[in-house]
Amino acid sequence: MRNTHTSLITILLFSLTHLLQAQNVPTGYFIDGVRFSSNNLAGSARMQAIGGSGVSLGGDISHALINPAGLGFNRRSEAHLGAGISFNKTDASGMGIAGEDQRAPFNIPFGGAVFSMAKGGSQTWKGGSFAITYSRMQDYNENIAYTGDATNQSSLIDFFFEQAQGLSLGFMNEDSPSQFGVTTMGSLGFHSDLLFPYNPNDLNNPFYYLVVGSSPLGREGYVKTEGNKNQISFAYGGNLGDTFYFGGTLGIESIRYTKDRSLFEFRDGRDLVGIELFEQFETDATGINGKIGFIYKPIEAFRIGFTATTPTYYNVRDYFRAELYTDYNNVFFNEQETLDFLFPNRDVDGNILDENGNFIIDDFTGEPIRVNPTPDQEGVIIDGAETVNHELLDTEYNLRTPYRLAGGVSGFIGKNGFLSFDVEYVAYDQIHLSNGSLVGPGFFEDVDFSGDNQVLEEEYRGVWNINAGGEWRVNDWRVRLGYAYYPDPLKEALRVFDEGRQFITGGIGYRKKSYYIDFTVVHETYTELFQPYVLDLDFQEVPEEFKSPLIEIDQRKFRTMLNAGFFF
C-alpha cells in the first residue's frame with residue numbers, strides 16, 4: 001500500500017515527541033477568552049447611531065450601560081423597547097478555497113426603564129435616576145460555507161495522526177466505543193481505522209502510523225454559529241448642581257454560544273472514498289461586573305466624561321461532542337509490508353535506525369523506538385462506511401475578562417445638535433482562565449490553563465477603541481451619524497492580517513413630548529482567520545500546501561434597529 005505523506009512522517013515523529021513533552025501547552029481556551037471578552041456597539045438605537053460615543057452625553061436610557069452618571073440628566077421616567085434584524089454575510093477565500101453564506105436573524109437588542117427621582121429648586125443635590133436595562137453586547141449568529149480543491153494537500157487524516165501521537169495503546173484500548181467511550185481526537189482516528197500502532201504487542205506504545213494516505217481531491221466545510229452575550233444593568237446616576245454627575249452600575253452578564261462545524265473531504269477512492277468530521281460546541285456562562293462614572297459640565301456647550309469598568313468574572317460551562325464518518329473502498333492492509341515501506345531501516349529486533357545506523361530514541365522513555373508487526377501476515381481488508389462518536393465532554397472554568405477605562409468629550413451647538421468623541425482602553429492581555437475541570441464518561445480531571453494564560457499575556461495587548469458621532473435636530477426630527485473602530489488585540493508581529501473591526505452608523509429619530517421613535521443602521525466590517533484544524537506542520541518550514549488550510553473570512557454585517565419609548 002502506498003502513502004503519499006511518507007516524506008512527512010519522520011518530520012512529524014521528531015517534532016511531536018518534543019511537543020508532547022513541552023510545559024505550559026495551551027489548551028486553546030484562550031481563544032474563547034478573547035471571544036467572550038469583546039463587545040459590539042450596544043445600547044439604544046440613538047446611541048448606536050452616533051457610533052456608541054455616549055460617555056460624556058447624558059440623558060439617554062442606555063447610559064445605564066455606557067456611563068451611569070448620564071442617568072443624572074434624566075428629569076422624567078421612561079420605558080423603552082427595541083427590535084432589530086441583523087443581515088450577516090460571509091465570504092471565504094484561501095489556497096484553492098472559495099465560498100459564501102448569509103443569515104438574517106431577528107433579535108431584541110435593547111430595552112428597559114428609567115425611574116427618575118429628580119428634584120427641582122436651588123439646592124445643590126438635584127436627585128437622580130435609577131434604571132434597569134437589557135443590552136445585547138455581542139451577536140454570534142453567522143454561517144460560514146466554503147469549498148476547496150486539491151491545491152492544499154493537507155488532510156484531516158494528518159490532524160488525527162498528530163493527535164494520536166503520545167497516547168499509549170493501552171489508553172486507546174480503553175478509550176474506545178466498546179469500553180468507556182471515545183474521549184480524545186486521537187482515539188477517534190484510531191477507532192475509525194485510520195491509524196495503526198508501531199508495536200501492537202506493547203500497551204505502552206505511544207506512536208502510530210497512517211493506514212491510508214492519499215491527499216484529498218477537495219473539501220467542503222460549513223460552520224453555523226448561534227448565540228449572544230447580554231447584560232442586565234442595574235444603575236443609578238445622581239446630579240450635583242447640574243454640573244457634576246456621578247453613577248454606578250452593577251452588570252449581570254450571560255453568554256449563550258453554540259457552534260456546529262463540519263468538514264468533508266473527497267478522496268480518490270483508491271483506499272478512502274470520503275471522510276467527514278462533525279463537531280458540536282456549546283457554551284453557557286454567567287458573570288458579574290461593576291462600573292463607575294462621572295460627567296462634568298462646566299458650561300452648557302461642553303461636557304467631559306469618564307468610566308471605569310471592572311473585569312467581568314464568569315463561570316463558564318463548555319460542552320463538546322463529535323463524530324467521524326469514514327467510507328473505505330476495499331483497503332488491503334498488510335502490516336508487515338506497510339512497516340517495511342515506511343521504515344526500511346530496522347534491525348532484527350525492529351528498532352528504527354537513522355541514516356547512520358543509529359537508534360532513534362523515544363524522548364519519553366529514553367529507549368529506542370521499535371516497530372513490531374504481529375505474526376499474522378495475511379493482511380486485512382477495510383471496507384464500507386462507519387461512524388465513530390466522540391463522547392460528550394463537560395468543561396467548567398472561570399474566566400476573568402479585561403478591565404476597561406473610557407473617556408469622552410462632547411460639544412453642543414446650542415439646541416441644534418452635538419458632536420461627541422470617546423476612547424476606551426481594553427486590557428486584553430489581562431484575560432485570565434482558572435479553576436478548570438474536565439468531566440467525561442468515567443473520569444474527572446483538572447485542566448491546566450497556564451499555557452493559555454501565557455499566550456494571553458505574551459501575544460495579546462491592550463487596545464484603544466474609538467467611538468465618534470453626532471446628532472442634528474430639525475424641529476421634532478433627529479439625524480445621526482457615527483463611526484467606531486475596535487483594533488485587533490493580537491500583537492501585530494503575530495498576525496496573518498489585521499482583524500480590527502470597523503463600524504459605520506447612522507439613523508433618524510422622531511421625538512415628541514410624551515414619546516420618541518428611533519431607527520438606526522450599523523454596518524460592521526472585518527476580516528478574520530479560520531482554520532478547520534491545526535497541525536504541528538503549521539509551525540515548521542514545509543511547503544504551504546502541506547499546512548492546514550488558512551481561510552480568510554470577510555465579514556459584512558448590516559444591523560437595523562427600531563426603538564420606541566414613552567415618558568411617564
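Start by colouring the charged side chains: the protein chain carries 42 positive and 74 negative ones, and the centres of the two sets are 20 Å apart. Here Lys and Arg count as positive, Asp and Glu as negative, while His and the chain ends are not counted; each charge is placed at NZ of Lys, CZ of Arg, CG of Asp or CD of Glu.

Before going on, please note that this is a predicted model, in which local features need pLDDT of at least 70 and side-chain atom pairs count only at pLDDT 80 or more, while totals for chains, interfaces and linings use all residues. Residues are numbered from 1 along each chain as its sequence is written, and side-chain values use heavy atoms, with hydrogens and water left out.

**Zoom out**

Show the whole chain as a cartoon. You will find nine helices and 23 strands (DSSP runs numbered from the N terminus, helices being H or I with at least four residues and strands E with at least two). Along the principal axes, the C-alpha atoms fill a box of roughly 100 × 40 × 40 Å. Of the 568 residues, 55% are buried (under 20% relative accessible area with a 1.4 Å probe, protein chains only; exposed is over 50%, and partly exposed is in between).

Strand E1 (residues 78-94) pairs antiparallel with strand E4 (residues 110-118) over four bridges; pairing takes at least two DSSP bridges between two strands. Leu-81 has Gly-111 in E4 as its bridge partner. Next, follow E4 to strand E5 (residues 125-139), its antiparallel partner over nine bridges. Ala-113 is bridged to Ile-132 of E5. Six residues separate E4 and E5 in this hairpin, and Gly-121 in the turn shows a positive phi of about 90°.

**Go inside**

Now select Phe-160 and Leu-194, the residues with the most contacts inside the largest nonpolar core, which has 53 residues. Such a core is a set of buried Ala, Val, Leu, Ile, Met, Phe, Trp, Tyr and Cys residues joined through side-chain atoms within 4.5 Å. Apart from this core lies another of 25 residues, among them Val-34, Ile-255, Ala-285 and Val-463.

**Last stop: Phe-246**

Look for Phe-246 in strand E10 (residues 244-266). Phe-246 counts as partly exposed because its relative accessibility is 30%. Leaving aside neighbours within four places in sequence, its contacts (heavy atoms within 4.5 Å) include Pro-68, Trp-125, Tyr-236 and Phe-294. Finally, draw a distance to Asn-230: Phe-246 and Asn-230 are 16 residues apart in sequence and 24 Å apart in space, C-alpha to C-alpha.
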